[in-house]
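Here is a short briefing on one protein model and its ligand. Look over the sequence and the structure first, then read on.

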Amino acid sequence: MDQPVVAVGVDPPTDLIPGRVLVTGGAGFIGSHVVARLMLMGSQVRVLDNFSTGRIENLADAAYGGLTEADVVSGDIRTPEGVEVIHQWQPDVVVHLAAQPSVPAARRSPLYDADVNVFGTVNVLDACARGGVRLVINAASSAIFGSVPAHDLPVREDYPIAPVSPYGVSKAAGVHYLDWYGRQHGLPYTSMVFGNVYGPRQEGSDCGVVSLMADALLGGRQVVIYDDGTQTRDFIHVSDVAEAIAVACHHPGVGMVNISSGRQTSVNEVYDTVREASGVGNAARYEPLPWPGEVRNMALDTRKARELLGWYPKIGFTEGVRMTVRDARRRQAGSQILSPVRALERAVSG
Ligand SMILES: NC(=O)c1ccc[n+]([C@@H]2O[C@H](COP(=O)([O-])OP(=O)(O)OC[C@H]3O[C@@H](n4cnc5c(N)ncnc54)[C@H](O)[C@@H]3O)[C@@H](O)[C@H]2O)c1
């Protein structure tokens with residue numbers, strides 16, 4: 001992993017250390033890592049989540065760090081009652097992660113995607129502007145840039161926004177609304193453009209490619225790779241993302257900022273790395289892309305994050321994949337350990 005040539009340590013003003021941080025989507029994959037990281041920082045943290053994909057078990061680390069039941073607000077970002085916590089609790093910083101996060105799911109249902117990612121985001125931003133929130137940190141995605149020619153990679157923050165999927169469109173709308181609330185209402189923001197985030201606790205049929213491959217290989221199923229596997233993405237470990245958000249909480253808003261590794265990794269390379277980490281050697285099956293217009297290559301330029309936040313990624317891809325495979329193994333072993341218990345319960349009750 002690249003290290004900065006010169007140390008860019010940026011000391012934040014001490015009056016920007018946040019007391020109260022609200023994390024929307026805090027029970028999800030990225031959110032739960034962020035909540036645990038913010039608890040370590042000594043902030044008071046509350047979670048707002050409707051548990052559509054998030055799970056209370058994801059908050060076990062945060063509970064060890066002191067998060068209590070009272071800190072978890074069950075609510076929907078699309079409703080006035082859902083965002084009421086912003087007016088009542090008056091957080092210094094709102095980390096907005098709640099979303100419909102899947103590219104394939106947005107293709108299947110653009111309406112639901114827009115409802116959560118556009119309408120829900122505006123509802124959160126409006127409450128933040130009225131509630132005097134000091135800083136909003138928003139989760140955007142490299143999908144906002146669409147198909148970028150190879151010679152323009154890694155892509156900088158000022159590159160034209162031109163999404164090619166409904167998910168990219170809804171995430172781009174969030175970025176534009178932040179910009180409008182910033183100019184019109186003076187709401188300070190940091191809009192983080194993430195690459196493909198991977199790591200422990202990522203699960204579900206539409207989740208990231210690293211976890212999908214790990215789950216398939218450890219479960220004895222063949223991995224399907226669409227196209228020829230030479231298409232690339234920019235992968236970033238979830239702990240590095242959580243660190244970036246913790247660091248950004250201590251700074252004034254920096255606008256749009258890329259948070260990723262800056263490197264392209266092909267799907268074939270991902271597969272080789274997961275295979276090596278899992279010790280399972282099946283060959284993948286190659287199939288044509290089930291939808292047209294898929295982004296071919298992606299990498300994000302991360303110099304702005306280094307310069308303004310002093311942040312750079314610390315977890316190398318091989319190391320990060322090993323952590324993810326260990327987590328997938330633990331989850332699969334967990335369900336195998338529990339199944340005899342369930343069978344025993346059935347036997348006892350029946
Ligand atoms: N995972 C990635 O690779 C990636 C890449 C770029 C950007 N992002 C963005 O990061 C954020 C977090 O993604 P994730 O991968 O952790 O997904 P996730 O599904 O694990 O987390 C999303 C959380 O939001 C909650 N949520 C969904 N709809 C809600 C609603 N209407 N009201 C309240 N809560 C709601 C879910 O229950 C879940 O806990 C999202 O904004 C996503 O678009 C993720």
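Ala139 has Met192 of β6 standing opposite. The model is predicted.

- β5 and β6 run parallel and share six bridges.
- β6 also pairs in the parallel sense with β11, residues 255–259, over five bridges.
- Met192 takes part on both sides. Ala139 stands opposite Met192, and Met192 stands opposite Val257 in β11.
- β5, α6 and β6 together form a β-α-β unit, and the unit is right-handed.

**Strand β4 and its neighbours**

- β1, residues 20–24, pairs with β4 in the parallel sense over four bridges. Leu22 stands opposite Val94 there.
- β4 and β5 are also parallel, with four bridges between them. The bridge partner of Val94 in β5 is Val136.

- Is His96 buried or exposed? His96 counts as buried because its relative accessibility is 2%, under the 20% cut-off.
- His96 lies in β4, which covers residues 93–96.
- The C-alpha atoms of His96 and Val23 are 6.0 Å apart, although 73 residues separate the two along the chain.
- Glu84 lies in helix α3. Glu84 is partly exposed, with a relative accessibility of 32%.
- Between Glu84 and Ala127, the C-alpha atoms are separated by 7.9 Å. Along the chain, these residues are 43 apart.

**The ligand and its shell**

- Which residues come nearest to the ligand? Phe29, Asp49, Thr53, Tyr167 and Lys171 do, out of 30 residues around the ligand.
- By class, the shell holds 15 nonpolar, 11 polar and four charged residues.
- Four elements each supply at least two shell residues: α1 (29–40), β5 (135–141), α6 (166–185) and β7 (196–198).
- β5 gives the most, with three residues.
- Thr53 places a side-chain N or O atom 2.7 Å from a ligand oxygen atom.
- Ile30 has a backbone N or O atom 2.8 Å from an oxygen atom of the ligand.
- For Ser52, a backbone N or O atom lies 3.1 Å from an oxygen atom of the ligand.

**Backbone points to check**

- Most residues other than glycine have a negative phi, and most peptide bonds are trans.
- The bond joining Leu153 and Pro154 is a cis peptide bond, with omega about -5°. Pro154 is in the loop between β5 and α6.
- Gln90 is not a glycine, and its phi is positive, near 50°. Gln90 lies in the loop between α3 (84–89) and β4.
- Is Gln90 buried or exposed? Gln90 counts as exposed because its relative accessibility is 51%, and the cut-off is over 50%.
- Asp227 also has a positive phi, about 65°, and is not a glycine. Asp227 sits in the loop between β8 (224–226) and β9 (232–233).
- Asp227 is partly exposed, with a relative accessible area of 32%.

Note on methods:
Residues numbered from 1 in each chain as written. Predicted model: local features only at pLDDT ≥ 70, side-chain atom pairs only at ≥ 80, totals over all residues. Heavy atoms only, no water. Near = heavy atom within 4 Å. Polar contact = N/O pair within 3.5 Å; in protein donor to acceptor, adjacent residues only side chain to side chain. Nonpolar A, V, L, I, M, F, W, Y, C, P; charged D, E, K, R; others polar. Pairing = 2+ DSSP bridges. Right-handed = clockwise from strand over helix to strand, strands pointing away. Buried < 20%, exposed > 50% of the residue type's maximum accessible area, 1.4 Å probe, protein only.
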